[in-house]
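Dear colleague,

I am handing over the structure below. Notes on what was found in it follow.

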Amino acid sequence: MKFTSAGTEDAEETFIFDVKTETVYMEELRELFQQTLNQNLIQMVLSNTTDETRATKVKIRPVLIKGVLQYQETLYRGKQVFHSNHTAEEMQERLLEYMRGCFRQAQICNHEREATVLVSKKGKAAIRERKNNKKESQIQKVEALNHNRTKQYLLQEGEPADFLVELGVQTPDGRVVKAKYDKFRQINRYLEFIRDILDKLPSGRTVRIVDFGCGKSYLTFAMYYYLRQIKGLDIQVTGLDLKADVIARCNALAEKLQYGRLHFQAGDISHFQGGDGVDMVVSLHACDKATDYALEKAVKWGARVILAVPCCQHELNGQIRCDMLGPVLKYGLIKERMAALITDALRANLLEKSGYDTQILEFIDMEHTPKNLMIRAVKHSGMRPSAAVWNVQKDRSLDQLMEFLQVSPALKELL
């Protein structure tokens, strides 16, 4: 091993060595990785790949998972991105394997120092270390931004997701297109709802998901990417919509992205067959009573999870009659909004009556209104174990309410 001056103002020294044996090279790198894989690490980037089919770039950063320090690996392969978390020991071995057979450069940055590893085509390697000249306030600012971003978004800015690039939400380098930032936020909010029910889905077998009224399928692709690419679940997703041209485009994109377990078909929700064994039903913006047909299918199939964002709730607006509420209902806009809220509240109660723990949550939705509602339902013994089981008194109260308002919602008749 030879030592030489780096010849630059901020670099302390450069260690240059001929790789006489792989063991010498690996031990030097092992020591470097042991010293840098700790809570002071800011980021590590492996680049200059020799095998693009394996990976084009890898980023490593520390994360706290349930109070335990781990290291999140983000692997880029073409337009695809894969995430995984590892202990320090696991990550050290992965890094050694990457530098042995895939990458010629590694850039490491922590609070105090920076290091660069360069491997030549002839097998000669150099490790250069220098003090980190970034001011502490700059580092803290970057870390604070990273913390906030991680807290807010499951899909992060700066890390391209292949479907987001193809749909025009991100640029190829991962930047969010300014005009699509609301869509980016909506997608991440949607994935948070899915993350919260992951433990309610079956394990050890394929999870079947049906997405009714999928439309252009931004959220369908997001769901597939998150569950399949990030979480590694064995899933099969079917998207259904009335528009044949939209379905054709969605199938073409799924094929281009090599999403082999995602398929779209044209059809009406009320006539859809083949729901045996469906574990999760999604219905986003199915118009008016189409939401009720989707909920009916989910209940009769015994789906474990239901996610529904109702749209255009016109049905009860034409039914509701109540003298006591006359002074309020005489205003058309107020009546329309009240009817929509009552429709969703009755749907939630009817799902509870059918054996589901049900919540109504606020959902970001920029296509219809600045804020919208999601009905999230999980079969009993799910997310709220303390919820009371439906009883005769609840049933009577629900009937009295519908009688008071003189309404008969479609879901009640369907169920």
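**Asn251 and its contacts**

Asn251 touches His263 and Phe264, when residues up to four places away in sequence are not counted. Please keep in mind that this is a predicted model. Asn251 belongs to helix α7, which spans residues 244-256. In sequence, Asn251 and His263 are 12 residues apart, while their C-alpha atoms are 6.3 Å apart in space. Is Asn251 buried, partly exposed or exposed? Its relative accessible area is 23%, so Asn251 counts as partly exposed, because only values under 20% count as buried.

**Asp279**

Asp279 sits in a loop, with β12 (262-266) on one side and β13 (280-287) on the other. Its relative accessible area is 3%, so Asp279 is buried. Which residues does Asp279 contact, once its neighbours within four places in sequence are left aside? They are Pro202, Arg205, Thr206, Val207 and Arg208, together with Ala303, Arg304 and Val305.

**The nonpolar cores**

In soluble globular proteins, nonpolar side chains tend to be buried together. The largest nonpolar core in this model has 53 residues. Within this core, the residues that touch the most other members are Phe163, Tyr190, Ile194, Phe221 and Met280. Helix α6 (residues 218-230) is the element that gives the most to the core, contributing 10 residues.

For Phe163, again leaving aside neighbours within four places in sequence, the contacts are Leu155, Tyr218, Phe221, Ala222, Tyr225, Leu257 and Tyr259.

**Helices α10 and α11**

The last item is a pair of helices, α10 (residues 332-353) and α11 (residues 392-405). Their axes come within 11 Å and cross at roughly 155 degrees. Angles over 145 degrees count as roughly antiparallel, and therefore α10 is roughly antiparallel to α11. The crossing of α10 past α11 is left-handed.

Which residues meet where α10 and α11 are in contact? From α10 come Ile342, Leu346, Asn349, Leu350, Glu352 and Lys353. From α11 come Lys394, Asp395, Leu398, Leu401, Met402 and Leu405. Sorted by class, the contact between the two helices has seven nonpolar residues, one polar residue and four charged residues.

Regards

Note on methods: Residues are numbered from 1 along each chain as its sequence is written. This is a predicted model: local features need pLDDT of at least 70, side-chain atom pairs count only at pLDDT 80 or more; totals for chains, interfaces and linings use all residues. Side-chain values use heavy atoms; hydrogens and water are left out. Helices (H or I, at least four residues) and strands (E, at least two) are DSSP runs, numbered from the N terminus. Buried means under 20% relative accessible area, exposed over 50%, partly exposed in between (1.4 Å probe, protein chains only). Contact means heavy atoms within 4.5 Å. A nonpolar core is a set of buried Ala, Val, Leu, Ile, Met, Phe, Trp, Tyr and Cys residues joined through side-chain atoms within 4.5 Å. Axes are lines fitted to C-alpha atoms, for helices over the stretch in contact, and angles run from 0 to 180 degrees between N-to-C directions. Angles under 35 degrees count as roughly parallel, over 145 as roughly antiparallel, 65 to 115 as roughly perpendicular and the rest as oblique. A crossing is left-handed if the near helix is turned anticlockwise from the far one by less than a right angle, and right-handed if clockwise. Ala, Val, Leu, Ile, Met, Phe, Trp, Tyr, Cys and Pro count as nonpolar, Asp, Glu, Lys and Arg as charged, and the others, Gly among them, as polar.
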